[in-house]
Amino acid sequence: MTKRTAQHCLRVTALGLLFFIAVSHTHAMTFIESHAVHITTQEQQLLELKACRDKFNTGTERIVARTDASSTPDVYAEVLCQSHEQFKHSPVYHVVYCDRNADTWHCERTERAIRTDGNRALVYYAEDVDTAIAYAIIVKLASIKRFQGEAMPDMQKSVCNIQRFATFDNTSLPDVFTVTCENREILVSTWCPQQECPRIIGSRIIVLNLSTDAIHAFHAALYASPNFRILPSNAA
C-alpha cells in the first residue's frame, strides 16, 4: 500500500467514525408541517417559463406547490422539467425550486433527478454530482437489502436525494456522498481500493414520529438552501 493510499484510507475511516459520532444520538427535531396548495393555470404557465423553458428549453413534467405556517415565502413549488436526456435508458430531469413572495415567483435553486428502470420514485441528486455516479449509487443501494443488520430502503419506492458529503467545516469530499432516503441517511464512498464500487461506509436512521405530510417537510428542511424541498404526496 502506497503512502498516499494509506492516507486516503485513514481519511475515509476517520470520516466514517465522525459520521457515526455525529449521528449516534437521537435528535429532537421540530419541523413545520406543510400542505399542498392549488396554484392557478396562469401561475403554472409562468413557472414553466421561468423554471424550464428559460433555463433548459423544455416544458414541465409536473409542478407541486405547498405552503406552511411560516410567513414568508408564502408558497413553495417543485418544478420537474421534462426529461432532457437518457442515461443507460433512464430519463434524467432538471428539478427547479421556486418560491412566491408578494405574488412574485423566484426560481433559483436547481438539481437533477433520474428514474431508473423499475423504479417508481425519482432519485434526486445535486448539480455537482455526476449522473454516472448517481446512477452507480442507485444501482448499488438497490442491490443491497441489509447493511450491518439493518434493512436498507426499497429503491423502487423511496424518494432519495444524493449529495456530496460535507464535513463540519462545510468542506465537500470528492469521493464521499450522503444518500437520504425517507428517514435513513447512508454514507457512500466511490473510493474502493479493494472491493466493488461504490461501497457503503455508514448508515443511520432518523427517528421521526410525524405524519407523512410532515415527512415531506422534513425532506424540505434537509435540502432547503434556501428553499424547502417539496415532494409530491404520492412520491412518484
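Is cysteine 160 buried or exposed, and what is its relative accessible area? I started my notebook there, and cysteine 160 turns out to be buried, with a relative accessible area of 1%. A reminder to myself: this is a predicted model.

**Entry 1: the partner of cysteine 160**

I followed the sulfur of cysteine 160 and found it joined to cysteine 181 in a disulfide, S to S 2.1 Å. Cysteine 160 sits in strand S10 (residues 160–166) and cysteine 181 in strand S11 (residues 172–181), so this link ties together parts that are 21 residues apart in sequence. I read 115 degrees about the S-S bond, which makes the link of cysteine 160 and cysteine 181 right-handed. Cysteine 181 counts as buried too, at 2% relative accessibility.

**Entry 2: the disulfide count**

How many disulfides does the structure hold? I counted four. With the bonded cysteines numbered in sequence order, I wrote the pairing down as 1-2, 3-4, 5-6, 7-8.

**Entry 3: cysteine 52 and cysteine 81**

Next I looked up the disulfide between cysteine 52 and cysteine 81, and its S to S distance is 2.1 Å. Cysteine 52 belongs to helix H2 (residues 41–56) and cysteine 81 to strand S3 (residues 75–81), so a helix and a strand are tied together here across 29 residues of sequence. The value about the S-S bond is -90 degrees, and the link of cysteine 52 and cysteine 81 is left-handed. I checked both ends for burial, and cysteine 52 and cysteine 81 are both buried.

**Entry 4: cysteine 192 and cysteine 197**

The sulfur atoms of cysteine 192 and cysteine 197 are 1.9 Å apart, and the two residues form a disulfide. Why is this disulfide right-handed? The torsion about the S-S bond of cysteine 192 and cysteine 197 is about 105 degrees, so I noted it as right-handed. The two ends fall in separate burial classes: cysteine 192 is buried at 16% relative accessible area, whereas cysteine 197 is partly exposed at 37%. The cut-off I needed for this is that buried means under 20%.

**Entry 5: helix H3**

I then turned to helix H3, which has 12 residues (131–142). At 1.5 Å a residue H3 should span 16 Å, and I found its end C-alpha atoms 16 Å apart, so the two agree. What caps the N-terminal end of H3? Aspartate 130 does, with a side-chain oxygen 2.9 Å from the backbone nitrogen of alanine 132. My list of buried residues in H3 reads Thr131, Ala134, Tyr135, Ile137, Ile138, Lys140 and Leu141. A general point to keep beside that list: an α-helix has 3.6 residues a turn, so residues three or four places apart point the same way.

**Entry 6: aromatic rings**

I searched for aromatic pairs and the count came to one. The rings are those of phenylalanine 87 and tyrosine 135, with centres 5.3 Å apart and planes at 65 degrees, so the pair is edge-to-face. Phenylalanine 87 lies in strand S4 (residues 85–87) and tyrosine 135 in helix H3, so the pair ties together parts 48 residues apart in sequence. Phenylalanine 87 is partly exposed, with a relative accessible area of 21%, while tyrosine 135 is buried at 15%.

**Entry 7: a charge over a ring**

Which ring does the charged end of arginine 109 sit over? I found it over the ring of tyrosine 97, 4.2 Å from the ring's centre.

Conventions: Residues are numbered from 1 along each chain as its sequence is written. This is a predicted model: local features need pLDDT of at least 70, side-chain atom pairs count only at pLDDT 80 or more; totals for chains, interfaces and linings use all residues. Side-chain values use heavy atoms; hydrogens and water are left out. Helices (H or I, at least four residues) and strands (E, at least two) are DSSP runs, numbered from the N terminus. The expected span of a helix is 1.5 Å times one less than its number of residues. Buried means under 20% relative accessible area, exposed over 50%, partly exposed in between (1.4 Å probe, protein chains only). A polar contact is a pair of N or O atoms within 3.5 Å; within protein, one must be able to donate a hydrogen and the other to accept it, and residues adjacent in sequence count only if both atoms are side-chain atoms. A disulfide is a pair of cysteine sulfur atoms within 2.5 Å. Rings of Phe, Tyr and Trp (its six-membered ring) pair if their centres lie within 6.5 Å; planes under 30 degrees apart count as stacked, over 60 as edge-to-face and the rest as tilted. A charge sits over a ring if NZ of Lys or CZ of Arg is within 6 Å of the ring centre and within 35 degrees of the ring normal.
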